[in-house]
Amino acid sequence: IYEDILKKELSEESKNEVKKFLLYKKLKVLLRFEIIKNLITRFDSKLNLIGDDWNSFSFKSKPSIFNTRKIKNIYKGNICLDLGSILGSVSLYSRSNLIIESGGLIIQSFQNDGKNIWGDLHNKILFKNLPDLISLLENLLYNKKYCSILLQKIYNNFIDSNKSIEQS
């Protein structure tokens, strides 16, 4: 009898965790929508939105790209907005790794491990809210020399890695 009760309890607890996670994902999607809506208003001509999912929000976007070589070419030398993984809150995951390895200037929403991963760069490339993001982007869009300096600092941040981040 106790085993059946315990199994039911764990099952209910698991269901609650799944519900929390699904709500978390929905909130992240809503947050992304609001950020992109504001950026389109402010930077429309300078913003390249890529991905089929954005069309469902009535945003003009280029089709999704699945060819890694093409993605790397798009990231290289460009300011790349990274709103974090939809599945969690870590700085380094597949997309952020690809941006960095491609030579893209990553601008990332603050993640739980942001200060640890980025060190002294965290206050230069991470943002906590929309005004911070807009200020950061305006500074980068009109200061190419500063962009080059940041790209070099990002490179230096990972130069001592034994393996490429992508393989990790």
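**Entry 1: a pair in helix α1**

I began with E17 and K20, whose side chains meet in a salt bridge at 3.5 Å, N to O. For my notes, a salt bridge is a side-chain nitrogen of Lys or Arg within 4 Å of a carboxyl oxygen of Asp or Glu. E17 and K20 are about one helical turn apart, because they sit three residues apart in helix α1 (residues 2–43). I take helices (H or I, at least four residues) and strands (E, at least two) as DSSP runs, numbered from the N terminus.

I then looked up how open the two residues are. E17 is partly exposed at a relative accessible area of 44%, while K20 is exposed at 54%. The cut-offs I use are these: buried is under 20% relative accessible area, exposed is over 50%, and partly exposed lies in between, with a 1.4 Å probe and protein chains only.

**Entry 2: what I am working with**

This is a predicted model, in which local features need pLDDT of at least 70 and side-chain atom pairs count only at pLDDT 80 or more, while totals for chains, interfaces and linings use all residues. Residues are numbered from 1 along each chain as its sequence is written, and side-chain values use heavy atoms, with hydrogens and water left out.

For the overall layout, I find seven helices and three strands in the protein chain. Along the sequence they follow the pattern α-α-β-α-β-α-α-β-α-α. Of the 168 residues in the protein chain, 31% are buried. I also checked contacts (heavy atoms within 4.5 Å). Among those between residues at least 6 apart in sequence, 58% join residues at least 24 apart.

How many salt bridges does the structure hold? I count four. Besides E17 with K20, I looked at two others.

E138 forms a salt bridge with R42, and their closest N and O atoms are 2.6 Å apart. This pair links distant parts of the chain, with E138 in helix α6 (residues 130–141) and R42 in helix α1, 96 residues apart. Both ends are partly exposed: E138 has a relative accessible area of 29%, and R42 has 48%.

D82 forms a salt bridge with R95, with the closest N and O atoms 3.6 Å apart. Here D82 belongs to strand β1 (residues 79–82) and R95 to helix α3 (residues 94–101), 13 residues apart. Is D82 buried or exposed? D82 turns out to be buried, with a relative accessible area of 0%, whereas R95 is partly exposed at 30%.

**Entry 3: α3 and its surroundings**

I followed up on α2. Helix α2 (residues 68–75) and α3 pack at an angle of about 65°, with their axes 8 Å apart. For this, axes are lines fitted to C-alpha atoms, for helices over the stretch in contact, and angles run from 0 to 180 degrees between N-to-C directions. T68, I71, K72 and Y75 of α2 make the contact with R95, L98 and I99 of α3.

S102 lies in the loop between α3 and β2 (105–109). S102 is buried, with a relative accessible area of 9%. A polar atom of the S102 side chain lies 2.6 Å from the backbone oxygen of L98. Leaving aside neighbours within four places in sequence, S102 is in contact with K72, Y75 and K76. I also noted G103, which follows α3 and has a positive phi, near 85°.

**Entry 4: the L141 end of α6**

Back in helix α6, I looked up L141. L141 is partly exposed, with a relative accessible area of 26%. Which residues does L141 touch, leaving aside neighbours within four places in sequence? L141 is in contact with F43, K46 and I79. The C-alpha atoms of L141 and I79 are separated by 8.3 Å, though the residues are 62 apart along the chain.

Conventions
Polar contact = N/O pair within 3.5 Å; in protein donor to acceptor, adjacent residues only side chain to side chain.
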